[in-house]
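Hi,

Here is the structure I promised to pass on. Have a look at it first, and then read my notes below.

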Amino acid sequence: MAERAALEELVRLQGERVRGLKQQKASAEQIEEEVAKLLKLKAQLGPDEGKQKFVLKTPKGTRDYSPRQMAVREKVFDVIISCFKRHGAEVIDTPVFELKETLTGKYGEDSKLIYDLKDQGGELLSLRYDLTVPFARYLAMNKLTNIKRYHIAKVYRRDNPAMTRGRYREFYQCDFDIAGQFDPMIPDAECLKIMCEILSSLQIGDFLVKVNDRRILDGMFAICGVPDSKFRTICSSVDKLDKVSWEEVKNEMVGEKGLAPEVADRIGDYVQQHGGVSLVEQLLQDPELSQNKQALEGLGDLKLLFEYLTLLGIADKISFDLSLARGLDYYTGVIYEAVLLQSPAQAGEEPLGVGSVAAGGRYDGLVGMFDPKGRKVPCVGLSIGVERIFSIVEQRLEAELLYKKNPKLLNQLQYCEEAGIPLVAIIGEQELKDGVIKLRSVASREEVDIRREDLVEEIKRRTSEPLCTC
């Protein structure tokens, strides 16, 4: 009894701690961690008064979805799938778990995030970490050398979740890949075009696609004096520049990974540069970088890629960014990542990236790792970060609803101004009688009556782009 009383006191104290953190508006991650401790303590209490108690919660880093949330997800998936099909992709599926040896050694430092399963039938298995490695195994196993495919399925990572930012341990990936031998940069340009089409159609905000090449990074590391054995781990540090300052990245490279300070400074001179095709041309003239064969090949391909991107009308959405590293070991060439942009606080400032929503790159050597004869199949692909997109769309929907019988028009118009909604459709008694809808420009406050059948076309004309599909 004394032991149970002591445990009940721990539960009470932990409960007070959780309530205190909520009152202090602590971070969601900290609250979630303390709630997990509370639930664990409660579980230790066991059955009481003849009743068995269960901990009713989803596992850490996972969630349930209501019918309303599933409706949002279906609409987002519809936009993505229709774009994949429009570009000629076929759909495949693979098992949710793979042989452990299939996944081992493909993800660099991220390999520690793979979920291993207990031996249940004579095979060592792991839950899939992404959809790319299973795809490469599928190509090698079926001796395929040419396919354009998409795959939408759940993947699993033993990561620290951040639920409010769409970061989970179980989540969907939406992948599109082109496998086969084609003229340089044409498949890569198509992948970037698809990425831009999907993000524009979903209308989740302004975005920028950062582009780099692993060959440029490797060449840069070589001329800066990074030992070959440290390429991948230094690459992983550089990839953090979108989240932390250069000083923090330098301290990690020097203090934790043993890189010489002068080598880190030379890397810093390169990785803090970003721009367009003009930066590519500038680096082609760099006296040291241009002498490195790998870097020269990468820069040449990027120059050609920008020519295609200009023809496709998306060059203004693309930025050549030397800090983009993409830590996964299997990338061999062009790499890219789409980030949502936050409006600058002051005029003249550059927009800030507030989160990755898509990524991908070229991985020409991955299929050869599985082929018994080492035959390579060139591949390039992209993955849409749908969980983050779902979070954004869901948050917007929560803001759009007013749970009032008779919300005041002035309040609704004020909300539209604050949320940046450009047009408002107003339907009152008079509009119903006249068979029209009053369309109001929020910025100019100008109002005009539009016939119902003409409303969609009028909104399209005024916004000069498709209506939001979500």
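**What I found**

Leaving out residues up to four places away in sequence, T94 touches R128, P134, R137 and H151, where contact means heavy atoms within 4.5 Å. T94 sits in the loop between strand 1 (90–91) and strand 2. Helices (H or I, at least four residues) and strands (E, at least two) are DSSP runs, numbered from the N terminus. T94 counts as buried because its relative accessible area is 8%; buried means under 20% relative accessible area, exposed over 50% and partly exposed in between (1.4 Å probe, protein chains only).

Before you go further, some ground rules. This is a predicted model, in which local features need pLDDT of at least 70 and side-chain atom pairs count only at pLDDT 80 or more, while totals for chains, interfaces and linings use all residues. Residues are numbered from 1 along each chain as its sequence is written, and side-chain values use heavy atoms, with hydrogens and water left out.

Three strands form an open sheet in the order 2-4-3, with antiparallel pairing. Strand 2 (97–99) and strand 3 (116–117) are the edge strands, each pairing on one side only. Two strands pair if DSSP finds at least two bridges between them. How many bridges join strand 2 to strand 4? There are three, and strand 4 covers residues 125–127. Across that pairing, L99 stands opposite L125.

In the loop between strand 3 and strand 4 you'll find D119. D119 is partly exposed, because its relative accessible area is 47%.

**The annotated site**

UniProt (an unreviewed entry) lists D130, L131, T132, R157, Q173, D177, R326, Y330 and Y331 under "binding site". UniProt positions are given in the numbering used here, feature names are shortened, and annotations may be inferred rather than shown by experiment.

I looked at two of these. T132 lies in helix 5 (residues 132–141) and counts as buried because its relative accessibility is 9%. Apart from neighbours within four places in sequence, T132 is in contact with D175, Y330, Y363 and L366.

D177 lies in strand 6 (residues 170–179). Is D177 buried or exposed? It is buried, because its relative accessible area is 2%. Not counting residues up to four places away in sequence, D177 touches F135, I147, K148, R149, Y363, V380 and G381. The side chains of D177 and R149 are joined by a polar contact of 2.4 Å. A polar contact is a pair of N or O atoms within 3.5 Å; within protein, one must be able to donate a hydrogen and the other to accept it, and residues adjacent in sequence count only if both atoms are side-chain atoms.

**Helix 9**

In helix 9 (residues 246–256), the buried residues are W246, V249, K250, E252 and M253. They are on the same side of the helix because they cover an arc of only 160° around the axis, the arc being that of the directions from the helix axis to the C-beta atoms. The face turned away from that buried side carries the exposed residues N251, G255 and E256. Helix 8 (231–238) and helix 10 (261–271) are among what covers the buried residues of helix 9. After helix 9 comes G258, whose phi is positive, near 75°.

Happy browsing!
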